[in-house]
Amino acid sequence: MIGHHYWTMTGMAHFEGKINFYKNISIIGGCFLLYVTGAGKYSLDNKLGL
């Protein structure tokens, strides 16, 4: 919410800010999903037996 405040922009800056805002939200969502579900059977921890 701090980095890409597209709602205060106009024109092409609004479009680019909106894309970057939702890109960052998607990355945060993916990291949260990985945190919740774990790395799974393809993780290095699983391969090394840790």
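Tutor: Start with a definition: a residue is buried under 20% relative accessible area, exposed over 50%, and partly exposed in between. Keep in mind that this is a predicted model.

Student: Then how is N46 classed, and why?

Tutor: N46 has a relative accessible area of 44%, so N46 is partly exposed. Its place is in helix α2, residues 44-48.

Student: Which residues does N46 touch, leaving aside those up to four places away in sequence?

Tutor: Contact means heavy atoms within 4.5 Å. Here N46 touches G40 and K41.

Student: Let me step back. How many helices and strands does the protein have?

Tutor: Two helices and zero strands. Helix α1 covers residues 11-37. Helix α2 covers residues 44-48.

Student: How do I read the overall shape?

Tutor: Compare the radius of gyration with that of a compact globule. For 50 residues, such a globule would have a value near 10 Å, but this protein has 17 Å. Then look at the C-alpha trace. Along its principal axes, the trace spans about 55 × 15 × 10 Å.

Student: What share of the residues counts as buried?

Tutor: Of the 50 residues, 8% count as buried. The accessible surface of the protein comes to about 4500 Å². Carbon and sulfur atoms account for 68% of that surface.

Student: Which residues form a nonpolar patch on the surface?

Tutor: M12, F15 and I19 form one. Together they have about 320 Å² of accessible area. Take I19, which is found in helix α1. I19 counts as partly exposed because its relative accessibility is 45%. A patch residue needs over 30% relative accessible area.

Student: How do I read an aromatic pair?

Tutor: Check the ring centres, then the angle between the planes. Centres must lie within 6.5 Å, and planes over 60 degrees apart count as edge-to-face. The structure holds one aromatic pair. The rings of F21 and Y22 have centres 5.2 Å apart and planes at 80°, so the pair is edge-to-face.

Student: Is F21 buried or exposed?

Tutor: F21 counts as buried, because its relative accessibility is 10%.

Student: One more. How far apart are G29 and L44 in sequence and in space?

Tutor: G29 and L44 are 15 residues apart in sequence. In space they are 22 Å apart, C-alpha to C-alpha. The place of G29 is in helix α1. With 38% relative accessibility, G29 counts as partly exposed.

Definitions and conventions:
Residues numbered from 1 in each chain as written. Predicted model: local features only at pLDDT ≥ 70, side-chain atom pairs only at ≥ 80, totals over all residues. Heavy atoms only, no water. Patch = residues over 30% accessible without salt bridge, like charges linked within 9 Å, V, L, I, M, F, W, Y side chains within 5 Å. Areas by Shrake-Rupley, 256 points an atom, 1.4 Å probe, with all protein chains shown as cover. Salt bridge = Lys/Arg side-chain N within 4 Å of Asp/Glu carboxyl O. Helix = DSSP H or I, 4+ residues; strand = E, 2+ residues; numbered from the N terminus. Buried < 20%, exposed > 50% of the residue type's maximum accessible area, 1.4 Å probe, protein only. Rg over C-alpha atoms; globule rule 2.2 N^0.38 Å. Phe/Tyr/Trp six-rings, centres within 6.5 Å; stacked < 30°, edge-to-face > 60°.
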